[in-house]
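Subject: A structure for you to look through

Dear colleague,

I am handing over the structure below, and after it I have written out what was found. Please keep it open beside this email while you read.

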Amino acid sequence: MSIKTLTQLAGDLKNGRVSSEELTRDYLTKIDLSDHNAFISVNADSAITQAKEADKKRAKGADSPLLGLPIAQKDIFCIEGTRTTCGSKILSDFEAPYTASVVENMRSHGLVTLGKTNMDEFAMGSSNETSYFGGVKNPWGSSDENLVPGGSSGGSAAAVSAQLAPAATGTDTGGSIRQPAAFCNLTGLKPSYGRCSRYGMIAFASSLDQAGPMTHTAEDAALLLNTMAGFDQKDSTSLDVPAEDFTIMLEDSLSGLKIGLPKEYVSEGLDPEVAALVESAIKEYEKLGAQLVDVSLPNSALALPSYYVIAPAEASSNLSRFDGVRYGYRAEEYENLEELYLNSRTEGFGEEVKRRIMIGAYALSSGYYDAYYSKAQKLRRLISNDFDAAFKYCDVIMGPTTPSPAFAAGSRTDDPVSMYLNDIYTIPVNLAGLPAASIPAGFTQSGLPVGLHMITPYLREAKLLNIAHQYQLVTDWHMQSPSSLGGTT
Amino acid sequence: MFTWDKNWEVVIGLEVHTQLQTKSKIFSGSSIAYGAEPNTQASAVDIALPGVLPVMNLEAARLAVKFGLAIDAHINKRNVFARKNYFYPDLPKGYQISQMELPIVGLGALEIKTESGTKTIGITRAHLEEDAGKSLHENFHGQTGIDLNRAGTPLLEIVSEPDMRSPAEAVAYLRKLHSLVRYIEICDGNMQEGSFRCDANVSVRPVGQKEYGTRTELKNINSFRFVERAIEYEVERQIDMLEEGGEIVQETRLYDADKHETRSMRSKEEAHDYRYFPDPDLPPMVLEDSFIEEVRITLPELPDAKKARFETELGLNEADAQVLTADREIADYFESTADATSADTKTVANWMTGELFANLNKAELEISDSPISSAQLAKLLDRIADKTLSGNTGKKVFAALWDQEGEVDDIIDAKGLKQITDTGAIEAIVDDVIASCPDQVAQFKEGNEKVIGFLTGQVMQRSKGKANPQMANQMLREKLS
């Protein structure tokens, strides 16, 4: 089954080859037939209503680029009247009474929501295995081997990869868009911190969380980001910058582009096949006129320890509101207030979430704050300075998105640290608030996709997408679909 | 008056929570009006739905800066919100947004009057924070109701230095602060509704000792009287404890006004670890100089400056100036009366501190609820100044004004209180009195000065109080000399 990109489908809608309703029904049928467990909720009736509305608008002459395109939303975004679970038991019956700003923005551009995708519980995980609603099948796995799709936006990645939706939203706190994009052969973009409003996006780590598109192509990502981004008065960390058209630079030549290659990225844990594929992708860039520059990010080894203090610290506080008092899961048995809290949270949260709450509470506790939280913040500053220094010599930094391709379900669940190491390349970017993307860069011997990671300076998404798009014009990795869908690889 | 063994020195610091008079909450658009049906003023942000975010209400910052400028404090142009983490059902997020390391208002001071003169009380800091909701324990049959209307109401917590040395000083400071926040219109000061709440840190130490003693924190003291009594009780308790060889435990104690005692709420060991950290949802607040200057312009004349002006420019004595500037409404009432009348300021002051305050106190009314407006009082004092009324008939008109019987001139007409100042009319009455009181006339002529009072009284009586007493007196003297 050949891939249909958002751009192609937009053309089909515009030319009247298909209606939004037909397209939406088609995807709903595919979702219904799939066994990937990519969705937590499917809103068929609502999706069809939205599609019909889009068709009506088009008939009346409306013509916004993505009008009537059905997409999937990560189940971390509140959408009024739909269940919003964040992959957790504690919100398994929570119906949001309001809609996230990003979703509002997309709706105002005429996008249709097919459903809410599966995810690691509260976006804490790199394999989608911490979801209360069960793991997600990576479409690139085989009948013999069940591979994880990555996480936390694993449902979104699997949905787009399995063509259950032409595009999806994800959120990225330490790599949760880019790592699953790499594992599922997608283009995943984490915008600069503050580009997309966090209002209505359930918080994991407030200073790191950022929403972004997960698509087949960089062009699609640019179009989708156009509908997601924008200043929002309801989010004080949202960037008050003029609206930008992220497609504007797509066709620019890369001649003279300086690609920085950090020496720290060639590390012990890096799979040689991944290293080789990233290397040949970079060679492709040389053919496009780019020059290679050696750069250094000397503090990148400190990113993981810094992240695993800051993110859990913020999470421990952000997740305090899930207390069984006002909404969400409440334990059936309790004798007093303390037990109401204790039992509701013990039963409502999964292991990984509880682990991080405990790490975070510890790091913030009196007497340890300076040793952990303050120190982590200082490291964060150093890591950010490293990028500033490196970008004096290059326009983009490239490397692998992950140290290895998708791994087998269950293979790392007992070893949190090996799971955390998945995000070793992606985490520094969140700490520095920079935009970064993962794009398909080829396949391993056993046919698993590998992602090329690219980072640009703050607010240079348009350039980043240009760099990704030019590569996709001369390669077709991103247009490959998994053999489970009758693909070629 | 409260006294204690003077071998002990008392050390008191106060933490005062003032509810800021904004229209909406500090981090959401909900109204903060008091007394609405439970949970009708609680938005998605206030009840901490998943995904919601706080947005700073600049009006709260404006009022905080206004306070800082009024106490001549350092304003932290860059100040930071922090999360204070603890679980309680009326705290929807599981943390309170407050300020920890970088509060909006830094070091300042307030001057109070003590028995031995004036004293400066340091103010360590004042920081912005949000109020919690309320737990309702009545009418829920073993359950607890939660009302989140108050959750997110902006508070300015004003923390003093441990500079007060007696319960009386603590109350003087608290009253001064109460007057100031109302003066500058940042807080309505309503203690019953909880808009102005006080916690007291109390310790004692032997006179001459440098180190502070172990302190206890007294919570839940909601009136000036209770603040004084709670501290008095606590001072006695601590001194007794120490004199008996015991030790003070650092703890939070609750004041029970009915039993007049404090009792332990939680010890230091049981104290929460609030795990403060900067709130990542709110970037540091950066105040431009222009913002601060805009606020400075809105500052009214402050009580101390006003009092000085009332003394030097308006010629009031210190006691009157003190009373008439203690409250902004009183000062405004005084000034608008004085501006509108031809009577001198001293007369205005006397009528206010005398007749008006007596009536207000008796009726338990605030000056803002006075049935007599400043314009009416001014008119009344005009009629005394122009001799239409005497002091005594003036009081009759005052009483009628109080009872809302009409305007000053209408009352004078209706009651026929217009003073007789016509020489001919008074002369006729004087002649009549001289003729009918030969004994008293003789006594006066023999040199008994006092009798003139009796004779003047006779004139007043026969004129039904309307004759001008000075004129009557003078005319009697002329005729009898």
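Which residue in β12(B) is the bridge partner of B:Lys219? In β12(B), that partner is B:Leu254, and the two strands concerned, β11 (residues 216-221) and β12 (residues 251-256) of chain B, pair in the parallel sense over four bridges. Strands, like helices, are taken here as DSSP runs numbered from the N terminus, with at least two residues (E) for a strand and at least four (H or I) for a helix, and two strands are said to pair if DSSP finds at least two bridges between them.

Before going further, please note that this is a predicted model, in which local features need pLDDT of at least 70 and side-chain atom pairs count only at pLDDT 80 or more, while totals for chains, interfaces and linings use all residues. Residues are numbered from 1 along each chain as its sequence is written, chains are lettered from A and ligands numbered from 1 in the order in which they are written, and side-chain values use heavy atoms, with hydrogens and water left out.

The sheets of chain B

The pair β11(B) and β12(B) belongs to an open sheet of eight strands with mixed pairing, in the order β5-β6-β9-β1-β10-β11-β12-β13 (chain B). Its edge strands are β5 (108-114) and β13 (261-267) of chain B, each of which pairs on one side only, and the twist from one strand to the next averages 30 degrees. Angles run from 0 to 180 degrees between N-to-C directions, and the axes are lines fitted to C-alpha atoms, for helices over the stretch in contact. Helix α1 (residues 58-70) of chain B packs on this sheet, touching β6 (117-130) and β9 (154-160) of chain B, and its direction makes about 165 degrees with that of β6(B). Helix α2 (residues 167-183) of chain B lies across β1 (8-19), β5, β6, β9 and β10 (196-206) of chain B, running at about 120 degrees to β5(B).

Chain B also has an open sheet of three strands, in the order β4-β3-β14, where the pairing is antiparallel. Because β4 (95-99) and β14 (277-278) of chain B stand at the edges with a single partner strand each, one side of each is left without a neighbour in the sheet. Five bridges join β3 (residues 81-85) of chain B to β4(B), and the partner of B:Arg83 in β4(B) is B:Ile97.

Where the two chains meet

In chain A, 39 residues are in contact (heavy atoms within 4.5 Å) with 29 residues of chain B. Together the chains bury about 2700 Å², 59% of it on carbon and sulfur atoms, where buried area is the accessible area (1.4 Å probe) that two parts lose on being put together, summed over both. The count between them is one salt bridge, a term for a side-chain nitrogen of Lys or Arg within 4 Å of a carboxyl oxygen of Asp or Glu; the side chains of A:Arg198 and B:Asp281 meet in it (3.0 Å, N to O). On the side of chain A that touches chain B, the elements giving two or more residues are α9 (303-318), α10 (337-348) and α11 (351-364) of chain A, and the largest share, five residues, comes from α9(A).

Within chain A

Over all chains the structure holds 58 salt bridges, including one between the side chains of A:Arg195 and A:Glu244 (2.9 Å, N to O). This pair links distant parts of the chain, 49 residues apart, with A:Arg195 in the loop between β5 (187-190) and β6 (211-215) and A:Glu244 in the loop between α7 (218-228) and β7 (258-262) of chain A.

With best wishes
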